[in-house]
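Welcome! Take a moment to look over the sequence and turn the model around before reading on.

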Amino acid sequence: MAFLIGGANSAAADAGYDVDNSLRFNDDDGAYLQRTAGANTGEDNATLSFWFKLGNIKSDNNGGHIMTEGGTTGYTIMQIYAQKIYIGSSTFGIMFPNLIRDPSAWYHLFVAFDSSQATDTNRVKAYLNGVLLTDAVTFTDYPDQNENLALCEDGDTTRVGSRGNSGAEAFDGYLAEFHFLDGTTKAYTDFGEFDEDSGIWKPKEYTGGSYGTNGFFLEFKQSGTGTNSSGMGADTSGNDNHLAVTNLAATDQCTDT
């Protein structure tokens, strides 16, 4: 599976679309971004797409929370669980066997949620660096057809970077080009493409339209700590769903992409 390597070697693929910034999360700092959700655009559809790079390799089953619903005691949406990809909520839970343990690599994860699909495995479809993940293990509980996915509940906290405040539950690494679309299911090719010469999966500018009521796009171009367009959690989707900053400093805004 081809992937982009951080630093100068990223020139191995002609990016075409440049990603300029990432945000570094140190699990010991208890760093995260969060916002309180409003009413859902749709309860059975959503799209998640982002790039990530590991700061350290965790073996903890409770480690590496990248996105959660409900804050400190909430439910995991995306987690690196014992070096594997776990996707879930209060209503379902799926884990794929692919091991995530290269701290030098940038990975892209895309997840399409659509509980209206007749086939259970089509209700949550995940792609790692443009390749469909299959053969779920340990956690294989797909959503029921037309089930409320409970990804972004009205009045609950959506958190990026941690479930708890620090330590094992927190993500340690870098995030970049973070999209969450509420009530809309998109294709993985809306966010990335294979380089014609190298075969490496590379980022692509998303131009597919609305993010829904609770959706947001985090480019991490700002270094401020306010919950506004100058903050590290600035939403550039057009929704102005800016995320509040906790335990992140200007030095955590990076150009490693």
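## Overall build

What radius of gyration would a compact globule with 257 residues have, and what does the protein have? The model here is a predicted one. A compact globule of 257 residues would have a radius of gyration near 18 Å, and the protein, at 17 Å, agrees with that. Along its principal axes, the C-alpha trace spans about 45 × 40 × 40 Å.

If you look for helices, you will find zero, while the strands number 19. Of the 257 residues, 53% count as buried. The protein exposes about 10000 Å², and carbon and sulfur atoms supply 40% of that area. Among contacts with a separation of 6 or more, 71% are between residues 24 or more positions apart.

In general, the strands of a sheet pair through backbone hydrogen bonds, and the pairing may be parallel or antiparallel.

## Strand β3 and its two partners

Which strands pair with β3? One partner is β18 (residues 244-246), joined to β3 (residues 32-36) in the antiparallel sense over three bridges. Here L33 has V245 of β18 as its bridge partner.

Another partner is β13 (residues 157-160), which runs antiparallel to β3 and is joined to it by four bridges. Along this pairing, Q34 stands opposite R159 of β13, and T36 has T157 as its bridge partner.

## A closer look at N241

Between β17 (216-218) and β18 there is a loop, and N241 lies in it. Is N241 buried or exposed? Residues under 20% relative accessible area count as buried, so N241, at 10% relative accessibility, counts as buried.

What surrounds N241? Leaving aside neighbours within four places in sequence, N241 is in contact with R35, T213, N214, G215, F216 and D235. With T213 there is a further detail: the side chain of N241 reaches the backbone oxygen of T213 at 2.9 Å.

To place N241 against another part of the chain, take D18: N241 and D18 are 223 residues apart in sequence, and their C-alpha atoms are 23 Å apart in space.

Technical notes:
Residues are numbered from 1 along each chain as its sequence is written. This is a predicted model: local features need pLDDT of at least 70, side-chain atom pairs count only at pLDDT 80 or more; totals for chains, interfaces and linings use all residues. Side-chain values use heavy atoms; hydrogens and water are left out. Two strands pair if DSSP finds at least two bridges between them. Helices (H or I, at least four residues) and strands (E, at least two) are DSSP runs, numbered from the N terminus. Buried means under 20% relative accessible area, exposed over 50%, partly exposed in between (1.4 Å probe, protein chains only). Contact means heavy atoms within 4.5 Å. A polar contact is a pair of N or O atoms within 3.5 Å; within protein, one must be able to donate a hydrogen and the other to accept it, and residues adjacent in sequence count only if both atoms are side-chain atoms. The radius of gyration is taken over C-alpha atoms; the globule rule is 2.2 Å times the number of residues to the power 0.38. Accessible areas come from the Shrake-Rupley method with a 1.4 Å probe; for residues, only the protein chains shown count as cover.
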